[in-house]
Structures are given as C-alpha cells and as structure tokens.
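Here is a short briefing on one protein chain. Look at the sequence and the model first, then read the points below.

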Amino acid sequence: MEENMEEGQNSKGCFECCVKCLGGLPYASLFATILLYAGVALFCGCGHEALSGTVTILQNYFEVVRAPVGTLDVFTMIDIFKYVIYGVAAAFFVYGILLMVEGFFTTGAIRDLYGDFKITACGRCVSAWFIMLTYMFFLAWLGVTAFTSLPVFMYFNIWTICQNFTLVDGANICLDLRQFGMVTIGEERKVCTGSEKFFKMCESNELDMTFHLFVCALAGAGAAVIAMVHYLMVLSANWAYVKDACRMQKYEDIKSKEEQELHDIHSTRSKERLNAYT
C-alpha cells in the first residue's frame, strides 16, 4: 500500500514538473525560430544549388568561359554569392539560438527561479537591443527577397519561351546575356530559338531544376521575412513585459518602504506611550 502511494506521489511530481517545464517554454519564440531555420535552410540550400545550375547552363549552352584570376566576371560573382550564403546560414543559426535564449529569460519559469529584479535589470536592455537588430535584419531580408525575385523572373521568361516557342511559327527569339548584364557589351553570348543549343537547353533538366530551385529560394527568403516580423512582435511584447515588471518592482519597493516607515512610527509611539505610563 505504501509503495503504491509512493509511486503515485512520484508520478504526480513528475507530471507537475513536466507541466511546469512546458509552461515555461517560449512558444512564440520557438515557432519563430523554427520558421526562421526553415526559411534560411530553404534559401541557402536551394540558392546554392540554383547558382551551381546557372554555372552549368552558362558553360554548356551559352559557352561562357571563366575569366582569368583577378578579373570580376559572372562566375566570380556567383562564387561570392555562394560564400555569402555560407555566412548567412551560420549567422542566422546563431541568431536564432540567441533569440530563443532571450525568450526563455522572459518566461515564468525563469522568473520563478531568479526573481523579477534580475530579469528586468538586464532584460529590458537586451530586449531593446534585439528589437533594433531584428528590425535591421527584417529590412535586409526584404532586400534579399527582392534580389532573389530577379533570377526567378529571368528564368521564368526563359522557361516560358521554351514552353511556347513551338506555338509561334517562324519566330526567331534570341536570349542574349548582354541584356542581363552577365557579359560585356562587346562579347556576344546568345542562343536563338531555331538553334540546336536552344532545343538541348529546353529539353535538359538543368533549366527546369534551376528555375524551381530559385523559386524555392524565394519562398525561403519570404519565410525568413515572416519570421523576422514574428520575432519583432515577440520581442516587443517581451520588452513591454520587462518594462511593466520593472515598474512593478519599483512600486513594490516604495510600498514596502512606506510600510516599514509606518511600522517604525507605530513602534516609536508605542514605546513613548509605554515610557509615559511607566
């Protein structure tokens, strides 16, 4: 009988502990972090592969050759974009962890462990700093989304021409890289609808795969923008919370001080009355 009671008490204690831990999770920050990681992973992974597919298309069908070392050409720019993608992936992985930690320090579980004052002492400054930083990242991701839409628009035009060029008899449409700024004006690199290279490019998997990879990268950038907006809402709510907690702490300090003064006054009067009576 006693063993059953002990088991029941242990299970109840574990259940209460689990409920307390689940109640202390920052669900809003957790959702924003998952959305941020998903968006960044989609943007970086698909963007990297799409850039590699672009290199293949330029070399195989437009016969663009890599310039000598030290010369800035389209292949050098693509390599730079790949390194930027590596940096973005690493930076936002760390930033998501930091925002999760900030979310934990503004939940009830941490408040119960450390008290209101220790949270509001540094939490208010930390929340304000993260709000400013997240707003800057929000603007940066808006720019990344707009920039990513450019190759999507370009590949959509090429993909549409490949899908519909048989419907226009006798039409001779050429895709000239000089129109997109990928080669210099004096260097002619174009593929026309009647050429064999155009048929091979349209029938190959590189064009279709690269186009859809850029679309996925654009979707990932949009998800990162939504995550930044969600983080801004969460951080603003946390900042308001620690601000109110700080005011409440000051109110409690003033109230306790006044109560102590009143207690001291009553104690002094009681002693005076007792001395006068004696």
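Is Phe 211 buried or exposed? Phe 211 counts as buried, because its relative accessibility is 8%. Buried means under 20% relative accessible area, exposed means over 50%, and partly exposed lies in between (1.4 Å probe, protein chains only).

This is a predicted model: local features need pLDDT of at least 70, side-chain atom pairs count only at pLDDT 80 or more, and totals for chains, interfaces and linings use all residues. Residues are numbered from 1 along each chain as its sequence is written, and side-chain values use heavy atoms, leaving out hydrogens and water.

**Aromatic pairs**
- The whole structure holds 14 aromatic pairs. Rings of Phe, Tyr and Trp (its six-membered ring) pair if their centres lie within 6.5 Å; planes under 30 degrees apart count as stacked, over 60 as edge-to-face and the rest as tilted.
- Phe 43 and Trp 141 make an edge-to-face pair, with 5.4 Å centre to centre and 85° between the planes.
- Phe 43 lies in helix α2 and Trp 141 in helix α5 (residues 116-164), so this pair ties together parts 98 residues apart in sequence. Helices are DSSP runs (H or I, at least four residues), numbered from the N terminus.
- Phe 43 is buried at 11% relative accessible area, and Trp 141 is buried at 2%.
- Trp 159 and Phe 211 are stacked, because their ring centres are 5.5 Å apart and their planes are at 20°.
- Trp 159 sits in helix α5 and Phe 211 in helix α7 (residues 205-277), 52 residues apart.
- Trp 159 is partly exposed, with a relative accessible area of 26%.
- Ring pairs also link Phe 43, Phe 92, Tyr 95, Phe 130, Phe 137 and Trp 141 into a cluster.

**Spans from the record**
- UniProt (unreviewed entry) places "transmembrane region" at residues 83-105, 126-147 and 211-241. Such annotations may be inferred rather than shown by experiment.
- Residues 126-147 are 100% helix and 0% strand, with end C-alpha atoms 31 Å apart. Strands are DSSP runs of E, at least two residues.
- Residues 211-241 are also 100% helix and 0% strand. Their end C-alpha atoms lie 45 Å apart.

- Most residues other than glycine have a negative phi.
- Glu 63 is not a glycine, yet has a positive phi of about 55°.
- Glu 63 is found in the loop between α2 (27-60) and α3.
- Glu 63 counts as partly exposed, at 43% relative accessibility.
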